[in-house]
Amino acid sequence: MEGLVGYLIRRPHEVEGKLGVYNYLMAGNGIFIQAANKFLYARGQLARAEIRGLEPQEPPVFIELAHGLIPSTLIDDVVVEMQDVQKNIGHEAFTAITYEEGRYRVKHPPQIATPTAVRYEPVSNSILEIHSHATMPAFF
């Protein structure tokens, strides 16, 4: 049984260590965090460092969707919808993109929105969750 946190070392020609639900990876170019589920694999660099004797991890940031890229038309539709909400209502809005029945879908769960916040029901099979900031600037 795997634990919550795993610790891995990228040695020449192999990665060794104990896997977890998410993993810290020490490589020749720094420390990384990585995780995977049935929808995606993601890795990000937490700290840059030269660690002699270890292989570098390339690319340092990586996301792979298990079912291929999300069609750009879905993203375009979400952006247009959120712009309409902001223009016509002035509130934030939430949308999820899910993977169900062999394809990506746009979902709008029940939500309560104000000009500065949005509360919503969690969406199962969510791959990407997006919410607007109405008139405020965007950030991650």
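Buried means a relative accessible area under 20%, exposed means over 50%, and partly exposed lies in between, as computed with a 1.4 Å probe on protein chains only. The views below come from a predicted model, in which local features need pLDDT of at least 70 and side-chain atom pairs count only at pLDDT 80 or more, while totals for chains, interfaces and linings use all residues. Residues are numbered from 1 along each chain as its sequence is written, and side-chain values use heavy atoms, with hydrogens and water left out.

**View 1. Threonine 95 in strand β7.** Threonine 95 belongs to strand β7 (residues 94-100), where strands (E, at least two residues) and helices (H or I, at least four) are DSSP runs numbered from the N terminus. With a relative accessible area of 3%, threonine 95 is buried. Its side chain makes a polar contact of 3.3 Å with the side chain of histidine 108; such a contact is a pair of N or O atoms within 3.5 Å, and within protein one must be able to donate a hydrogen and the other to accept it, with residues adjacent in sequence counting only if both atoms are side-chain atoms. Leaving aside residues up to four places away in sequence, threonine 95 touches Val78, Met82, Val106, Lys107, His108, Leu128, Glu129 and Ile130, contact meaning heavy atoms within 4.5 Å.

View 2. Strand β8 (residues 103-107) runs antiparallel to β7 and is joined to it by five bridges, where two strands pair if DSSP finds at least two bridges between them. Isoleucine 97 stands opposite valine 106 of β8. Two residues lie between the strands of this hairpin, and glutamate 101 in the turn has a positive phi of about 50 degrees.

**View 3. Threonine 116 in a loop.** The loop between β9 (111-113) and β10 (118-120) holds threonine 116, which is exposed, with a relative accessible area of 58%. Not counting residues up to four places away in sequence, threonine 116 touches Glu92 and Met136. From threonine 116 to valine 78 the C-alpha to C-alpha distance is 19 Å, and the two are 38 residues apart in sequence.

**View 4. The open sheet and its β5-β6 pairing.** Six strands in the order β2-β1-β3-β4-β5-β6 form an open sheet with mixed pairing. Its edge strands, each pairing on one side only, are β2 (14-18) and β6 (62-65). Strand β5 (residues 40-48) pairs with β6 in the antiparallel sense over four bridges, and isoleucine 63 in β6 is the bridge partner of alanine 42.
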